[in-house]
Amino acid sequence: MKSFVKRSLFALVAIAIGVAVSFAASEYIRDNFIAYQLNPEGSIAWYELIVTAFQWSLIALSALLGGFVYIGLAFKEETQASGKAQIKDFVVSQGQFRTMYELGPTPYFIISPDGVIAEPNKAMLRIAKGTEAEIEGQQFSAFISKDDVEKWNDLWHKFGRDLVLSDEEIRITPRDGIERFVLMSLFHIQSGTRKGWGLGTLVDITERKEIDRAKTEFVSLAAHQLRTPISTIKWYAEMLAEGATNLPDAQKKYLSRIEEGTRNMNELVHTLLNVSRLEMGTLPIALEQTDISALATSILEELAPETSAKSLSIKTDFNAQPISTDPKLLRIVMQNLISNAVKYTPEKGEVKVSVAQSGRNVRVEVADNGYGIPKEEQDKIFSKLYRASNAREKVTGGNGLGLYMSRAITGILGGTISFISEKDQGTTFTLTIPSKSA
Ligand code: ADP
């Protein structure tokens, strides 16, 4: 504020001088100023500048206006600066923080090193469906749903190793017995020399999960319903094709288009059914001794029409023992990876599939020298329905479900999936599949 007062005084003095000069000018001054200019031929031209009282007044008025603008700007600057200072000076007091903790909408609690709940806030009591006396002092693990106890033990162990837990999805069963889905976070807090305590927060995502489940069920139902009419079209198209020896060429072409269309629809319906089973957790797993090299060979044979149509060079390197896994599920994953390599590689490109032993795991690599995945889109590639921009431009057939499904299935099989890719250079997907005990 001080600098504003100083500047205003300065501006007021300037205005006062301006006004005084103007007054004097209008009363007494009618000055003549003389100016001259040296002409090139040596003569001198004289000019007379006459400043009238009116002109003096204009000068004074400008000084006046300038002064006011100056004060205005100084005031604006001052207000902004003091605003900033006020924000900086505003500190959440301990009492205010306590109120936020107590009454805020997010469930908060403190957890002791042996997993006991302390200081549950009001929102925590609401989600746990109990009074303070009923919740405080309880083991947090007592609220974890039976099916997620193992997951909780892993997470608690992780927290014990000084790691932060951030938005971990877990199911809890509050005191009313109705299960809820929450995202749980646990942060380490230190109080004096006491260590191992945590601050926990929960975000209730039950409704979101229910909406997701309803959507999945709808997709599953629609896919089931579509299977019958598609089979009918396929069946009759095949019957027509069988007796089509004396059909004109154009009609034969139409028939093969119908067959191709129904094949694609059938595949899509299959994929949708698998995605919904996966999301509902109803995809059955059946373990058996599986020769992954034989699986790769059979997939490559199936894709032979596509690979030869594009004149792709196919390389293989198979060297692994059979392992116990689910061959049907693994086939879905490998089929996706290999068919993507074929789909996203231009004519005369190369696709290499290798299957190798890596300790007790089998490592499958599918490499191509095709279109690649742009760096900035790589983190979205496993998301449901995502297709990279270059893939959308170059290949129209695709639904963005293959990799989403592949990653989820790989997780079910206990394996990992990753890739490296360079745009216009190629992509290599790596899959590791452990031998599972039945
Ligand atoms: P889509 O049906 O589109 O192939 P996917 O889920 O199988 O769906 O793959 C998702 C996206 O990942 C593809 O649309 C493509 O952008 C990218 N992608 C997958 N595999 C490859 C590959 N081998 N080369 C280049 N891009 C790939």
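This is a predicted model: local features need pLDDT of at least 70, side-chain atom pairs count only at pLDDT 80 or more; totals for chains, interfaces and linings use all residues.
Q: Hi! Let's start with the rings: how many aromatic pairs are there?
A: The count comes to eight aromatic pairs.

Q: How are the rings of F109 and F140 arranged, and why does the pair count as stacked?
A: Their centres are 4.9 Å apart and their planes are at 15°, so the pair is stacked. The cut-off for stacked is planes under 30 degrees apart.

Q: And where in the chain do F109 and F140 sit?
A: F109 is in strand 3 (residues 108-111), while F140 is in the loop between helix 5 (132-135) and helix 6 (149-160). They are 31 residues apart, and the pair links distant parts of the chain.

Q: Are those two buried or exposed?
A: Both F109 and F140 are buried.

Q: Which residues form one aromatic cluster with them?
A: The cluster is made up of F109, F140, W152, W156 and F159.

Q: Nice. What about F382 and F419, how do they pair?
A: That aromatic pair is tilted, with 5.9 Å centre to centre and 55° between the planes. F382 comes from the loop between strand 12 (361-368) and helix 12 (389-394), and F419 from strand 13 (residues 416-422). Here too the pair links distant parts of the chain, 37 residues apart. F382 and F419 are buried.

Q: Switching to strands: what does strand 11 pair with?
A: Strand 11 (residues 350-358) pairs with strand 9 (residues 313-319) in the parallel sense, over seven bridges. Strand 11 is also joined to strand 12 by eight bridges, and those two run antiparallel.

Q: What's in the turn between strand 11 and strand 12?
A: The two strands form a hairpin with two residues between them. G359 in the turn has a positive phi of about 65°.

Q: Last topic, pockets. How much space lies in the second largest pocket?
A: About 800 Å³. Its lining has 26 residues, and K209, D212, R213, T216 and E279 lie nearest the centre.

Q: Which elements give two or more residues to that lining?
A: They are helix 6, strand 5 (165-172), helix 7 (206-242) and helix 8 (249-280). The largest share, ten residues, comes from helix 7.

Q: And how do the lining residues divide by nonpolar, polar and charged?
A: The lining of the second largest pocket has 15 charged residues, eight nonpolar and three polar.

Conventions: Residues are numbered from 1 along each chain as its sequence is written. Side-chain values use heavy atoms; hydrogens and water are left out. Rings of Phe, Tyr and Trp (its six-membered ring) pair if their centres lie within 6.5 Å; planes under 30 degrees apart count as stacked, over 60 as edge-to-face and the rest as tilted. Helices (H or I, at least four residues) and strands (E, at least two) are DSSP runs, numbered from the N terminus. Buried means under 20% relative accessible area, exposed over 50%, partly exposed in between (1.4 Å probe, protein chains only). Two strands pair if DSSP finds at least two bridges between them. On a 1 Å grid over the protein atoms alone, a cavity is a set of points where a 1.4 Å probe fits but cannot get out, and a pocket is an open set with protein on both sides within 12 Å along at least five of seven lines; lining residues have an atom within 4 Å of a point. Grid points are joined across faces, edges and corners, and a volume is the space filled by probe spheres set on the points. Ala, Val, Leu, Ile, Met, Phe, Trp, Tyr, Cys and Pro count as nonpolar, Asp, Glu, Lys and Arg as charged, and the others, Gly among them, as polar.
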